[in-house]
Every structure is written in structure tokens, then in C-alpha cells.
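Subject: A structure for you to look at

Hello,

Here is the structure I promised you. Please open it and keep it beside this email as you read.

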Amino acid sequence: MGDSLAKRSVSRALFKCGALAAVVALTFGSPAFAQDEPTSTPPAPVETSTASSTPTTPVAPTPSDEPAPPQFEVKPGGQPSDKPASAGNLNGVLYADKNRNGAQDPDEAISGGKVVIKGDVDTSPHETTSDANGKFVFTGLVPGNYRPTYQLTDGWAVHQYDVNGGLVTVFPNQTAEVSARAERRFDEQLKATFTLDKVSYGYPGIATINVKLTNTTDSTISGIQVVCDREIFPEMLGRDLAPMSLEIEAGDERTVTFVRDIPRAARDKGNFRLDCDFAPFAKWNTDGPKIHTEAPVAGTPAYTLLLADDKNGNSAVDPGEAIAGAEVVLLDARTGARVVQGASESDGTIEFGSLAVGDYRAVLLGDWDFRDAAGEQVHVTEQGGAGHRFLKHSSPPDLRGTIKFGKPRYESHETISMELTVTNVGGKAAERARLDWNPYQLNIPNEQWGEFRDNGAGIRIPVGESRTFNVSGQPRDFTFGKLTVWVAFDFVGQTRTGQPAFSGSVEVGQTRGDLGGLVYTDKNRNGQPDPGEGAADAVVELGGGAPYWSTKLYTDANGRFSAKNIPSGLYWINYTLAGGWVVHFEGQQEQIKVEPGAPVDLTVRGERPYRETLKAAVVLDKATYNAGDDAKITITLTNTGDRVITGIQAGCNRVGNRNQLGGTDLDPMPESWGDLRYGTPGVTLNPGETKTLVAVEKVPVAARAARKVEVACDFAPNPGYNTDGPFGYDWASVPGGSSGGLKGRLYHDLNRNFLVDSGEAIPNMRIMLVTDAKDGFLVAETRSDAKGYVTFENLPVGNFWLVVDGPWQFQGEYGGHVGIWDGGVAQVDLSVVPGPAPQRGGDDPHPVTPEPEDDTDTTSTEGALAKTGASVLGLAGLSALLVAFGIGARVAGRRRTS
């Protein structure tokens, strides 16, 4: 079992799957009060009248054999209409289900209820009110889908319980009938209270929200969801709390804990907002209980800026002179980097929160500018600051460009020189001006542009002034003998809408050249090729030239390769050698230039992989952390060879998972990693030497949803290009909230309409949840019911795979890959296609075995669980605990090295 755990519980295949499957969607539950499931029948064809010359029969969508349980019953009637033949009608009845039996009884009709419908074709709203019997009528409707909404009094509301929000389809010449059942508002059925873990917060920081939901009714409420920030405030906390789907028994309560990062906008604003409401199908039902609070977010000093138009010229801000809606960007006065942006309120003020002490330059967007240049200067002290500025009207910056080339014609192997002149013809200075993109047609190194490059800090171009850039590069692409370079510019306040681009062209003649070389395996490690070291059948992949050209070559028996008469230009080359030999790159990989004349002759040295002599171990100091804790990572590197290894660095989190340490694609590796970071000299190891390094990082909030924090790194000189170093891995548990669940319907989509139609559901089929699709542990299993529905409950949080024990399979690389959310129920699409039954034998601790097809009781634990609906398997408890808590793997064996 120990070996199996070490190999399987954290499989590298599963580790590489960072993204959740696209099939995982928001979860939807059943109605708040149980009721008989309504039935529906497809619309019958309408009998044509004798006046119609061409009988027509409307085509209705094929109904599902088990529709979602709506509170509407749509019954096509085919009633005659005095409207045009293409029109349809909608009749309905509105009632208050006072006894909660799911049907209209005497004295339950709602009189005077306002009903509004709006269609997907006829988008204008139609409005009416219900009569004394609760009935309402809409006639002469354009055929299509309509969504009714109801405005009721006395605490009654019509709730939506399906994905489409109660859409009703109106067919030509037919009358759709709707039964609208009203029940008590959800804020009467549910109560919500919450607590925050702190009174105030800092940025960066983490807030923990504990929400207690109480069911005050005598019936179960299912599918409770949360929606936050309906008004979209950037300083909002909890916008990403969904998905979740809770079920609360009558009179019971449930506490859900959310941990979230403090938004940067909250730092700028000085506080965060929390506005959430809870209800089944919360997207449509907005009458659930709400929670609201604001908490201060402490930061560095704030600066208040008052903007005014001094209309009477008295150098004072008089009534009516404050300017509202003026947008200001603060730039770092030293670097020109953008710091924060804000807009003036109705009183003309902008409060910039959380500013570091120092100097800033204010930039006005749009058609305002400072009356004098001194107004741009903003100085923030330890106490913050405040000041007023008088503005004047001014047109925005406007950058124009002209392109000139060094000569009228070039050969394709030549370096092309280009002069770009940028002129500001607008009404005020262009701040942080830079290229919108580096021209592709010429391979111009970024450093030639300086801060004007597309990812540079930008430059300032005052009104009427020009800046000229002289650059050069090899051509990448040209057509019909002409190379055309396009440029556009970006500056503070610039939008891409209508942004002009400027171009210049030059003639280019095609030239060609030859490239070849020797690939050898340096077996005696003397740094030069010797007899018998030629690498036969090595793969050499070329890509580059102008126009772009690529090919794949193979070396001969002596390790030689050759490419004749290929387009001139710069080429990238990649080598793949047999026997585990690799070609290492020192520093930044350079392109090879091919041009007419003498062929390029390369000598390419193959070496043994770094992992054969360099060993690595990565160990976390704890088995369990909380989000925000300091995790101490001990990295041990050993050189087992007889040569010095220099410049060793770490390549961590190459998949970019947010629960991993060592940086991401957006955040660089923390400074605590020292010389293991990119851009440092790296670590040097003498023969036989071992070095131990320690890095400390905060456990990311994302680790809580994954229920674990991971560190996964490989180590080598120049790991940006050399990925053959040893791999170190460790992980620790991070407590999450309650367990999650999964629901879906197993079906074969015969007509490919992405719906479960009659005859497509697959009943009585065994479904397994495993840690890896091919060789993972079995975590839980169940069977689809008579209508194909599959339900799993009490599952550990994390990423898993679904496997069908039968002649069915999921499609695509990530087919069957699901994510179980913290405290929620994942609603998944279980569409499958015919395929072989899974083969899961060998050393699998829980091999799949056929189960009886009837419902006869059995002494098998797996069979019994399959019949009781989904839960974590008893015999598979160890593997489930490994996934859920991470404790068993710490005892059974931690995978720390490759």
C-alpha cells in the first residue's frame, strides 16, 4: 500500500491538470417546497382552417423524458385566434399556494397581480394584471420564447426553479397556458447572519466570512446559491463566492465559511463592501435574505484632490465651480508607472487611498487639463495630503507616426534600418506613451525602443513635440516583394476604439542559404566531438526565415544534418537525441542566421541530463497549514557527479496553479528563494557537495479551495530553457469547508442537440469517481437511476475524474474531469459516447468489478454503497482521506523528489 500511495495518490498526470473541466457549471437545486413534479406534453399540430391555402404544422422541440421541475405548466392549446396566422397567445393563472400542496385550491387566486412578459424576438415588455380569478391573458404575440415576471404584494413571490428562468414558448396559432405558483418570499423562509474575522483589514490581506443560513420553515430547502455584487463594485468582497448549492433541512441551520483576498480596489477606496443574497436559483430569485457590511481597509496615506473650473477668475472654488466626473491618473513621478485612477465625485473631490509617501504626477483624461503645469505635481506625506486644482478645457493627446527606411530596397538576409517619428498633434501632453505592439514584420530587439517599447514604462511627449526612434532588425515576413510595417501607440487614457495605425513599406528581394551541422554526444566530456560520438537519427527541427519556413530533419549515421536552399533569415533550432542525451542552452537561446554564401555549419554538443548528477529534495515544514500561514520550504541540492555545476536555479509551478508556491505566471518567485530565482547568479555545487536552502512563503488563499498547498520545482542551470533537472515536490493539507457534491444526468446525445431527449438517458449504470482517469484511486461510486440521474454526496474537495463501468466513455482529453467545490454541488453534463469498458486491474487497491444488474441485496460493500446513492466508499476510505485531508500520505510516504 505504501508503494501504491507514493505512485498513485499524487500522480503526475493529475498534477498537470490545472484547469477545471468546462462542463462544471453553477449548481441548481430543487424547489424550496416539495411538490408533485409537473408533466408536460409536446404541442399538438394545429388544424388548419379552410381559408388557409397551405396547411402548416409548427415544429416543436423534442421534449425531455424528465424535464426540470418548474413551477410553470405549459400546455399548448391550439385555440382559434382573431390575430394574424403567425401570432400566438399566452394565458395564465396566478395563485398563492397557501397550503403548499403544489396545486391551486379554492380561495388561492391572486387578483391584481402585475404580470410582465418580454420575448427574445419581441423585446418590448407586455404588461397586464390578473383578474379576480387570478387569470391573465396576452394575445397577438410574436412566436418565440417569453420570460414572465410577477410583481406581487403581501410577501408573495413567484420563484423560478429551472436553468432558463421560467421561459415559456409561444408557438404560431397556439395558446400557451401558464400556471404561476406563488409562495412566500425566500427572505421569510431563510435567515442569514454573518461574522467577519476582523474589525479592519490591511492590503494585501485575507478576510474570512462565516455565513449562517437558517431554514425557518417546516420543509427542506434545496439548491441554495449565493450571488454577490449585483451592482458590480470593484471594492466588493465575495464576487466569486459562487458556485455553491446547499440543502438545509426544516428548522436546521448551515454555516458556510468563505476565505477571500482583499481586493486592491478596496485598498484604494479605504474599505471593502460585502453585498450578497441567498436563494435557490439565485440568478433568477432575488428575494432571498441579504447580508451587507463595509469594513475599513487600512493602507498607506490618502490624498484628496479637489477639481474646479474657476469661471470668475477669483482663484477660489465658488459654488457651482466643482467639476464632477473628471478622471485623473496618478503616475509615479520617478518611474512613470501607473499607480491609481479615480474620478471626481459630485463635489469635485477624488480621494486616492493607500498611497506611498512620495511624489506623483497627475494626468487628466478626456477634455480637461490643468490650468498650469504646477497642477500636475502631487506630494504625499506620512499624513497624506490634500489640494485643489483649477482646470481648463483641452483636447486629448493625439499621436501621429511616420516611417522611413534606410534605403529603398533590401535583400531578405540584410538588416533593415527604420526610422519612426512620433508627433503629438493633440491639445495636451501624452503621458506614458509607448508602442501598442512591437512590429512583427521586423525582428526588432525590445531594447532598441527603450521605454517606448510595448511593455515599457513609456515616455512623455508634450504638445507639438516629436520623438524619433532609429531601429533595425531582420525581416520576418514580406509578400510580393514588399515588407510593410504597421505601428500604433498607447498612452494614458488612450482607448483601442478607433485608434489609428500608421505604416511604411520597403522593397525586399528573396535570398536563400544553406544550414547544416554535426550533433554529437560528448561521452568523454572533453567539450569536442571525437570519433564514434556522432548522434545518429537525432531529430533537428528548424523554424524561421523570411517568409517563415519550418522543417524536421534527421541526422545521418555520423550525426550530420543539412538543409539546402532555405529562406534567409533567423532560425530557432530544437534538438531531440536518442538515449536520453540532451542539448543544453547557456544563457538566453539565440537564433541562427542563414544568408547567401558560405553555409552555416553548427557543432551541437549533447550532454547527459542534469537529473543524473544533480539531486533535489523539497520539503514543507508542516503537514497542515491555514491559508495565510508562513510555509517554510527546505530545498536540498546535491551534486553526485565529478564536475562543478554552476548557475542552478528553480523552475517552479510551471502549470500555473494558484495553490502552488514558488510564484505563478503573474507573480514572480518571492525574494526568499534567493539565488534560485531567475536573474540571479544561481547556486554553485562542487563535486559531492550538498547545499540546503530555505524559502518562506505565505500559503495562498486558493490552497483552501484545493484543500492543499503544493510546491513543485525542477532545478537546473538556466531552467527557462533546460528542463531536464531533478524534480522536487511536496504538499500539505489546507483545511477547507464542508464537503461537496456532484449531480448530473448520464446520457448519449444521439441528435447532438446538447439536451437529454427521450430515449437518450442511460439508466442503472455504475459511475466511479477516481483520482486519475487511468490509474487513480477509487474515491466514490454510485449508479444512475431509472432516468439516468447521477448523484454524489459528501465528496472531498478537489479535482477528480468520472469513469463509467460499462461500454461508454467521455469524449476529449478532459472528458469526465470534474471539480468538487468547497461546500457546493457541481452540476455536470454527463454526455458519453459508445466505448470500451474501463480496464482497471493490476495493483489497483480497488479494482473495478461487475455488479449485479438487479436490486438484490448483497454483502459487497461496494455494491451496497452503489445502491444507496453516492458517498465516500468504506473500503476506499484510505484513498478518500488522502484526497480530503492529506494526512495519510504524510505517513504512507511523501513524494519529494523526482
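Below is what was found in it, from the whole protein down to single residues.

This is a predicted model, where local features need pLDDT of at least 70, side-chain atom pairs count only at pLDDT 80 or more, and totals for chains, interfaces and linings use all residues. Residues are numbered from 1 along each chain as its sequence is written, and side-chain values use heavy atoms, with hydrogens and water left out.

The whole protein

The protein has eight helices and 58 strands. Both are DSSP runs, numbered from the N terminus: helices are H or I with at least four residues, strands are E with at least two. Of the 898 residues, 47% are buried. Buried means under 20% relative accessible area, exposed means over 50%, and partly exposed lies in between (1.4 Å probe, protein chains only). The protein exposes about 41700 Å², and carbon and sulfur atoms supply 50% of that. These areas come from the Shrake-Rupley method with a 1.4 Å probe; for residues, only the protein chains shown count as cover. Now take the contacts (heavy atoms within 4.5 Å). Among those with a separation of 6 or more, 70% join residues 24 or more positions apart.

Three strands form an open, antiparallel sheet in the order E30-E28-E33. Strands E30 (459-461) and E33 (489-490) stand at the edges. Each has a single partner strand, so one side of each is left without a neighbour in the sheet. Strands pair if DSSP finds at least two bridges between them. Strand E28 (residues 430-435) pairs with E33 over two bridges, in the antiparallel sense. There, Arg-434 stands opposite Asp-490 in E33.

A buried threonine

Thr-175 is in strand E8 (residues 175-184). Thr-175 is buried, because its relative accessible area is 1%. Its side chain makes a polar contact of 3.3 Å with the side chain of Asn-89. A polar contact is a pair of N or O atoms within 3.5 Å; within protein, one must be able to donate a hydrogen and the other to accept it, and residues adjacent in sequence count only if both atoms are side-chain atoms.

Backbone exceptions

Most residues other than glycine have a negative phi, and most peptide bonds are trans. Asn-565, in strand E38 (residues 560-567), has a positive phi near 55°. Asn-565 is partly exposed at 49% relative accessibility. The peptide bond from Ala-546 to Pro-547 is cis, with omega near -10°.

Best wishes
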